[in-house]
There are 2 protein chains.
Amino acid sequence: MGVRERRAREKRYLRQEIMDAASELFVKEGFENVSMRRIADRIEYSPTTIYLYFKDKAELLESICQETFAKLIQRLTKILDQPGDPIERLKRGLLAYVEFGLENPHHYRSTFMTPLPDEVDHEKYVKPEAAGIQAFDFLRRCVYDCIAAGKFKTKDAELASQTLWAGVHGVTSLLITHSHFPWVGKEQVIRGMINTLVAGLEAENI
Amino acid sequence: MGVRERRAREKRYLRQEIMDAASELFVKEGFENVSMRRIADRIEYSPTTIYLYFKDKAELLESICQETFAKLIQRLTKILDQPGDPIERLKRGLLAYVEFGLENPHHYRSTFMTPLPDEVDHEKYVKPEAAGIQAFDFLRRCVYDCIAAGKFKTKDAELASQTLWAGVHGVTSLLITHSHFPWVGKEQVIRGMINTLVAGLEAENI
DNA sequence: CGAGGTAAATTAACGGTGTTAAGTAAGTGA
DNA sequence: TCACTTACTTAACACCGTTAATTTACCTCG
């Protein structure tokens, strides 16, 4: 009978096509500069069709960002699985995070630099499924390993993790929004942040 | 004759009234949720009147943010003028920066978390008049003092300053956009960031 | 085959946005 | 008094996200 299945497959296909078209425009011009009508034009459907697949523009955006962040999770998984010095692993993970943000500035901006509207369910974004939280969990595991290996003077893994996250987020977001600032060099600032924070955690119980 | 002067004064007055009304709405509801029409309603003028005083919505926003950031500059001036341990001064300055951001989340967001449209003159935002750059200059001076006093292993003042800025920006912006995240405590994270970074600069030549 | 039902997609419309062009009313200077 | 300037408003344009009503296309069943 497979008709239902085929329909469902086609439906998934168009959904993906919408996401791809939107994502492309979105990467090129930024979320707020891409209208539903333009996305619709691109896939040669009427604008309202999109609403059959996504509740609204925000949900479309969120789906696209989730898809992208899945790739970050993959990268972090690989890094975490490698054996060796936990400090080096931590540093590599932090670097991967920043690089990912710079490679996907619009997705990064939507996910981490845009406040959620008051009406949304904030619980949802703190649950383990949320891509951001998953990425943060990797960080926490790295930090635990460092503390367990006696590399850090600091013993508060949670505080250390949150500090590290805020640090790499700081560089990432500033490099994205203020790319014209006379940075001493993108790579240098990234390295500067990671090395300084790690050195601080090694040196002092904050 | 003084007519011209009186007119100019009145004109300045309405300009300020527009800025005040806009700023108030803007603080309450965020820039993107406040329309020119609503601002106009508030001051009981027609929407187009605003365009006699500001080129567009972006310029109005920019003027408001500049006005607010002048206050930060004031605070930082006071801190910089105090004698004592340069490290303590640096830490107090960094803390003032974060606190200012959290007190003025919408202004902070507009100034530091929103990318400038491609068409604007980026030069303008790197010039010494720009509020952001002025604030950064304070930071740089603090860092110079620390290096001069032999407190830092690091000798690259520019890199250290940029790293510190990125760090405090990271906490500030994350606390603004992700206030629902299970932080170990806002004050703790802020302190964690400042202490860790400073400890890192003291301990290592990054 | 043909009727009926259903899912998918469309058209038309609503109420909003930032912004511009054209028009008006008041006050100034000769 | 009359022309000119200044301050402001009205009307309109071209867009936006989104909803409701409607059409089209297809599948199922008698």
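A residue counts as buried if 20 or more other C-beta atoms lie within 10 Å of its own, as exposed if 12 or fewer do, and as partly exposed in between; C-beta atoms are placed from the backbone. By that count, 38% of the 206 residues of chain A are buried.

This is a predicted model: local features need pLDDT of at least 70, side-chain atom pairs count only at pLDDT 80 or more, and totals for chains, interfaces and linings use all residues. Residues are numbered from 1 along each chain as its sequence is written, while chains are lettered from A and ligands numbered from 1 in the order in which they are written.

**Chain A**

Helices (H or I, at least four residues) and strands (E, at least two) are DSSP runs, numbered from the N terminus. Chain A has nine helices and zero strands. Its C-alpha atoms fill a box of roughly 60 × 50 × 30 Å along the principal axes. Two residues are in contact if their C-beta atoms, placed from the backbone, lie within 7 Å. Among chain A contacts between residues at least 6 apart in sequence, 63% join residues at least 24 apart.

A:Gln134 sits in helix 7 (residues 131–148) of chain A. Is A:Gln134 buried or partly exposed? A:Gln134 is partly exposed, because 16 other C-beta atoms lie within 10 Å.

**Core**

A nonpolar core is a set of buried Ala, Val, Leu, Ile, Met, Phe, Trp, Tyr and Cys residues joined through C-beta atoms within 7 Å. The largest has 94 residues, and A:Ala22 and B:Ala22 have the most contacts inside it. A:Ala22 touches A:Val34, A:Ile39, A:Leu60 and A:Ile64, not counting residues up to four places away in sequence.

**A helix pair in chain B**

Axes are lines fitted to C-alpha atoms, for helices over the stretch in contact, and angles run from 0 to 180 degrees between N-to-C directions.

| Helix pair of chain B | Angle | Axis separation |
|---|---|---|
| Helix 3 (residues 57–81) and helix 4 (residues 86–103) | about 165° | 10 Å |

**Chain contact**

The contact takes 37 residues from chain B and 37 residues from chain A. On the chain B side, helix 7 of chain B gives the largest share, 13 residues.
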